[in-house]
Amino acid sequence: MLLQGRTAVVTGGTRGLGRAVARAMADAGAVVVAAARDVPEEPPDGDRRIVAVEADVTVPGSVEALMKTVGARYGGPHIVVANAGISRPGPVAGLSYEHWDAVVGTNLTGVFHTVRAAVPYLRDVVDGRIITVSSILGRRAVPGAAAYCASKAAVERFTEVCALELAADGITVNCLAPGFIDEGQGRALMADERLWPRLSAGLAAGRPGTGAEVGAAAVFLASAQSGYVNGAVLPVDGAVRW
Ligand SMILES: NC(=O)c1ccc[n+]([C@@H]2O[C@H](COP(=O)([O-])OP(=O)(O)OC[C@H]3O[C@@H](n4cnc5c(N)ncnc54)[C@H](OP(=O)(O)O)[C@@H]3O)[C@@H](O)[C@H]2O)c1
């Protein structure tokens, strides 16, 4: 129970990879708040250890209200996972301004809003933890993913700066860089009969990752075990050859 007594906020924790991270943190003993725009009436997966709270990471006041609510109801937060992210594929020449703004506004600016709103609370607890989520596409270029790749590369640099600035407050800031995972957007890619054979050919592990494997890495970064790991970008991709 590495996270016993800790409160974790996972943005985008209602579905896909975020839900897998939320579940892993609940399994490790944390009280987990999954934040998203559409909050199911039933807890994610019927898992009553995970509480869903409505928040939109593109709206600063919404994330500030989220942190305030979590602090008042559950204490902390001690752990904040800035996971909410979207993808709007398309070649640069035809990419709409709306799609560019939506991707950068959620994946990069949304992470900034989340971290900014969380810092005052994390400063008040012992061993505050921030985990951002980039992607294998933060380091590798793929045609048709300009906005996504750019936003994820920027999240990695943002993470490193935050780590330097917040270390003196006892807060670590690390980034998970998942490869192709059998959850959420990754699962949707696997259903693409044109793309998936090409992408999967590069997977050294011979298979996509699981949500539990990303969840385990998140628990490590959230726990006391990772106390001297700061500013790291941790790939969880099984090694990829392209
Ligand atoms: N799955 C993969 O293979 C993979 C690989 C690498 C990286 N990633 C990254 O992992 C993260 C999660 O991806 P996923 O595959 O799980 O995606 P997903 O299944 O589409 O889930 C996205 C989650 O983010 C929430 N969200 C989206 N926009 C939001 C906003 N403005 N405010 C608050 N919540 C918002 C969604 O809920 P609402 O729509 O209700 O708000 C949902 O809970 C993303 O950052 C993604 O880039 C995923």
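**Ground rules.** I began with contact, which means heavy atoms within 4.5 Å. Helices (H or I, at least four residues) and strands (E, at least two) are DSSP runs, numbered from the N terminus. The model is predicted, so local features need pLDDT of at least 70 and side-chain atom pairs count only at pLDDT 80 or more, while totals for chains, interfaces and linings use all residues. Residues are numbered from 1 along each chain as its sequence is written, and side-chain values use heavy atoms, with hydrogens and water left out.

**Helix 4.** I asked what covers the buried residues of helix 4. The cover includes helix 3 (97–122), strand 5 (129–133), strand 6 (172–178), helix 5 (184–190) and strand 7 (233–236). For burial I used relative accessible area: buried is under 20%, exposed is over 50%, and partly exposed is in between (1.4 Å probe, protein chains only). The buried residues of helix 4 are Ala147, Tyr148, Cys149, Ser151, Lys152, Val155, Glu156, Thr159, Cys162, Ala163 and Leu166. I recalled that an α-helix has 3.6 residues a turn, so residues three or four places apart point the same way. Next came the length check, where the expected span is 1.5 Å times one less than the number of residues. Helix 4 has 21 residues (146–166) and should span 30 Å, which agrees with its end C-alpha atoms being 30 Å apart.

**Helix 7.** I repeated the check on helix 7 (residues 211–222). Its twelve residues reach 16 Å from first C-alpha to last, close to the 16 Å expected at 1.5 Å a residue. Buried here are Gly211, Val214, Gly215, Ala217, Ala218, Val219, Leu221 and Ala222. These buried residues pack against helix 1, strand 4, strand 5, strand 6 and strand 7.

**Cysteines.** How many disulfides does the structure hold? I found zero, taking a disulfide as a pair of cysteine sulfur atoms within 2.5 Å. The sulfur of Cys149 has its closest cysteine sulfur in Cys175, 14 Å away, which is too far for a bond. Cys175 is in no disulfide either, and the nearest cysteine sulfur to it, that of Cys162, is 11 Å away. As for burial, Cys149 counts as buried because its relative accessibility is 13%. Cys175 is also buried, with a relative accessible area of 0%.

An oxygen atom of the ligand lies 2.9 Å from an N or O atom in the side chain of Thr14. A ligand oxygen is 2.7 Å from a polar backbone atom of Leu17, and one is 2.7 Å from a polar backbone atom of Gln185. Taken alone the ligand exposes 890 Å², and the protein buries 94% of that. Those areas come from the Shrake-Rupley method with a 1.4 Å probe; for residues, only the protein chains shown count as cover.

**Thr11.** I found Thr11 in strand 1 (residues 7–11). Buried or exposed? Thr11 counts as buried, because its relative accessibility is 2%. Its side chain reaches the backbone nitrogen of Asn83 at 2.9 Å. Leaving aside neighbours within four places in sequence, Thr11 is in contact with Ala35, Val57, Val81, Ala82, Asn83, Ala84 and Thr114.

I noted a cis peptide bond joining Gly76 and Pro77, with omega about 0°. Pro77 lies in the loop between helix 2 (60–74) and strand 4 (79–82). Asp127, in the loop between helix 3 and strand 5, has phi near 60°, a positive value in a residue other than glycine. At 36% relative accessibility, Asp127 counts as partly exposed.

How values were computed: Polar contact = N/O pair within 3.5 Å; in protein donor to acceptor, adjacent residues only side chain to side chain.
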